[in-house]
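Welcome! Take a look at the model first, and then read on.

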Amino acid sequence: MSHFKEYIDAASRLYERYTDYVRRNPAATAHLESTVRTVSYLIAETAGLVLHAAASMFTPFCIPGRFADSHEISELVYSASNLLVLFNDSILRRGLRCSLTKSLSQQRLLNWLSVLEYVQVFLEMGAFKLWGEVGRWLVIGLIQIFKTVFRLVLLLVYKSGLGTSPPIIPLDRSAECVGEAESNSEQQEDSCFVGQRSGRVIRPLGSAPSLQNRLWGAPVQRNRRSSLAENSTPTELGLQETVAESVYISRPLVHLLCLGLCGKQSWKPWLVSGFLELSSFAVLSDARFQTRWEQAEMRRRGFLLLYYLLRSPFYDKYSEEKILFLLKLLADHIPGIGLVARPLMDYLPTWQKIYFYNWG
């Protein structure tokens with residue numbers, strides 16, 4: 001028991017040191033996350049080469065979630081890198097001195113929803129590897145049920161407004177309102193002198209930050225609390241917009257139900273899903289969203305409507321030949337395009353097989 005307690009204490013000290021480092025160095029943490037993600041690509045690619053030593057060459061273009069044939073390994077490390085970002089963001093948010101509008105229970109729902117979205121592809125692949133097609137669809141159904149319930153609770157109970165993907169907007173590590181940087185910046189702003197006639201902001205020499213944290217531009221007077229509130233307070237939805245968002249949230253379950261009743265080759269799931277998504281988008285596009293992340297979410301949903309050209313059965317009967325012909329034409333006649341087009345041609349069949357890639 002004494003050895004076990006020593007291990008717990010050592011882990012606690014290590015965790016405290018790590019959280020302190022993240023709070024003091026948000027920009028360096030962002031670089032660390034980017035490095036981990038890049039290294040994860042290389043590790044996954046290397047694993048694919050080891051598993052398939054007979055292969056003579058591999059694609060130089062890396063698409064997240066696909067490296068050689070080691071799909072499970074690549075998805076595992078890619079999901080882990082996203083979870084690392086989520087974990088570091090939670091540390092930085094706890095260090096914010098600004099008051100956050102989300103309750104503890106709402107934040108927990110958002111955390112679980114984010115975790116599900118980050119690991120859903122890996123869970124689907126792992127279920128298929130362990131239990132076959134039946135286990136794969138069982139895991140898909142359970143994940144979609146949990147996601148739908150979480151999103152509906154957030155929408156109807158907590159009035160969270162328009163749902164985003166990812167559910168928790170990643171922090172801007174370059175912002176100066178996190179950790180120690182926030183405290184230093186507020187002190188500097190308080191000591192700045194603003195000319196009454198010119199409006200020019202002048203920073204006293206004594207309030208300059210350390211050399212490594214120094215910004216050589218003119219000091220900017222801005223309200224960081226209002227900026228954080230903008231990112232935390234969603235636009236209130238009316239009854240019509242709430243119904244439209246509920247339809248959008250429920251669409252995956254309706255699609256899965258239609259797949260189970262009508263089969264994968266039927267047009268009914270494709271048509272029903274498309275109708276629900278278009279109807280929801282048409283209603284929500286008329287709403288006036290105030291925050292940037294809500295406007296970005298609407299642009300993302302509009303772009304994702306193009307996915308219906310790549311989803312079966314439309315893709316199998318109409319799009320596949322035309323898309324592959326266009327990619328081959330571009331790869332053969334435009335220098336440099338082949339580095340992207342040829343791996344994309346190889347990637348499309350894999351993308352088609354994974355439910356959460358094209359329907360999630």
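At Ser-250, helix H7 bends by about 45°, and a proline, Pro-252, follows within four residues. The bend at a residue is the angle between axes fitted to the seven residues ending there and the seven starting there. This is a predicted model, in which local features need pLDDT of at least 70, side-chain atom pairs count only at pLDDT 80 or more, and totals for chains, interfaces and linings use all residues. Residues are numbered from 1 along each chain as its sequence is written, and side-chain values use heavy atoms, with hydrogens and water left out.

H7 covers residues 239-262, 24 residues in total. From its first C-alpha to its last, H7 reaches 32 Å, close to the 34 Å expected at 1.5 Å a residue (1.5 Å times one less than the number of residues). Helices here are DSSP runs (H or I, at least four residues), numbered from the N terminus. Just after H7 comes Gly-263, with a positive phi of about 95°.

A cavity is a set of points on a 1 Å grid over the protein atoms alone where a 1.4 Å probe fits but cannot get out, and its lining residues have an atom within 4 Å of a point. Points are joined across faces, edges and corners, and the volume is the space filled by probe spheres set on them.

| Largest | about 40 Å³ | Val-85, Leu-86, Asp-89, Ser-114, Tyr-118, Ile-168, Pro-170 |

For the largest cavity, helix H3 (71-94) and helix H4 (104-156) are the elements that give two or more residues to the lining. H3 gives the most, with three residues. By class, this lining has five nonpolar, one polar and one charged residues (Ala, Val, Leu, Ile, Met, Phe, Trp, Tyr, Cys and Pro count as nonpolar, Asp, Glu, Lys and Arg as charged, and the others, Gly among them, as polar).

Around the second largest cavity, helix H8 (residues 268-284) gives the most to the lining, with three residues. The classes in that lining are two nonpolar, one polar and two charged residues.

Our last stop is Thr-148, which is found in helix H4. Is Thr-148 buried or exposed? Thr-148 counts as buried because its relative accessibility is 4% (buried means under 20% relative accessible area, with a 1.4 Å probe and protein chains only). A polar atom of the Thr-148 side chain lies 2.7 Å from the backbone oxygen of Gln-144.

Definitions and conventions. On a 1 Å grid over the protein atoms alone, a cavity is a set of points where a 1.4 Å probe fits but cannot get out, and a pocket is an open set with protein on both sides within 12 Å along at least five of seven lines; lining residues have an atom within 4 Å of a point. Buried means under 20% relative accessible area, exposed over 50%, partly exposed in between (1.4 Å probe, protein chains only). A polar contact is a pair of N or O atoms within 3.5 Å; within protein, one must be able to donate a hydrogen and the other to accept it, and residues adjacent in sequence count only if both atoms are side-chain atoms.
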